[in-house]
Amino acid sequence: MTVDGRAWPGDDETKPAPPPLRRIQALVNTVERPDGADRLADPADARDWLVGNALLAPHARLDVADLELVVRVREAVRAMLVGNGGGPRPTPADLAPLRRVAEAAAVRATLESDGTVTLHARGDDVTTRLASLLLAIRDAQRDGTWALLKACGNDECRWAFYDASRNHGGMWCDMASCGNKLKNREFRARRRAGRTPS
Ligand SMILES: [Zn+2]
């Protein structure tokens with residue numbers, strides 16, 4: 001998919017999450033902060049993206065409040081990923097949109113023929129589809145992959161990336177664009193403060 005004739009960077013992640021978390025990474029990365037394009041800003045573009053990512057059934061209604069909820073959930077998840085990346089933990093206010101989805105969710109358990117129990121959020125509306133993301137978060141929290149989905153340590157960026165580094169100490173969506181920029185900024189700040197950069 002393209003926006004303004006160019007490929008969207010979120011469609012070709014350099015640090016992609018494994019499939020269950022990929023949808024969450026994709027949602028968080030629907031905007032290029034701090035002042036870039038936002039795929040959820042325009043309702044027509046948002047509809048295509050939401051349907052394409054199974055967050056809206058093709059013929060389901062999408063009103064302004066639905067879209068606002070998606071954007072607020074996106075930012076709630078981003079706040080969680082900032083915490084995963086070693087930044088501030090999300091506040092109750094940060095999490096409120098996601099809590100609203102959790103409380104509205106109708107989750108059903110299914111017993112498969114081999115005895116496996118699976119959970120589903122069934123329904124076509126946006127709130128129910130967002131609840132399916134909560135199930136993916138739950139699974140990832142249990143298998144340990146959730147902590148590796150992080151928001152970039154550059155507070156102007158906060159792009160979601162999956163930290164597949166061996167020591168799980170990754171902090172940047174991309175060292176060239178964010179890691180070095182931050183290091184240079186800190187370097188200059190220390191120099192201004194009259195301290196010898198280390
Ligand atoms: Zn970044």
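I took donors to be N, O and S atoms within 2.8 Å of the metal (3.2 Å for Na, K and Ca); water is not among the atoms, so sites may look incomplete. I worked on a predicted model, in which local features need pLDDT of at least 70, side-chain atom pairs count only at pLDDT 80 or more, and totals for chains, interfaces and linings use all residues. I numbered residues from 1 along each chain as its sequence is written, and side-chain values use heavy atoms, without hydrogens and water.

Entry: zinc site.
I read the donor spacing of the zinc ion along the chain as C-x4-C-x15-C-x4-C. The SG atoms of Cys152, Cys157, Cys173 and Cys178 coordinate the zinc ion at 2.3 Å. I found the arrangement tetrahedral (four donors, all angles between 85 and 135 degrees), because the four donor atoms subtend angles of 105 to 116 degrees.

I placed Cys152 in the loop between strand 5 (149-151) and strand 6 (160-162), and Cys173 in the loop between strand 6 and helix 6 (175-192), so the pair ties together parts that are 21 residues apart in sequence. Helices (H or I, at least four residues) and strands (E, at least two) are DSSP runs, numbered from the N terminus. Both Cys152 and Cys173 are buried, meaning under 20% relative accessible area with a 1.4 Å probe, protein chains only.

Entry: Ala160.
I located Ala160 in strand 6. Ala160 counts as buried because its relative accessibility is 0%.

How values were computed. Tetrahedral: all angles 85-135°; square planar, octahedral: opposite > 155°, others 65-115°. Buried < 20%, exposed > 50% of the residue type's maximum accessible area, 1.4 Å probe, protein only.
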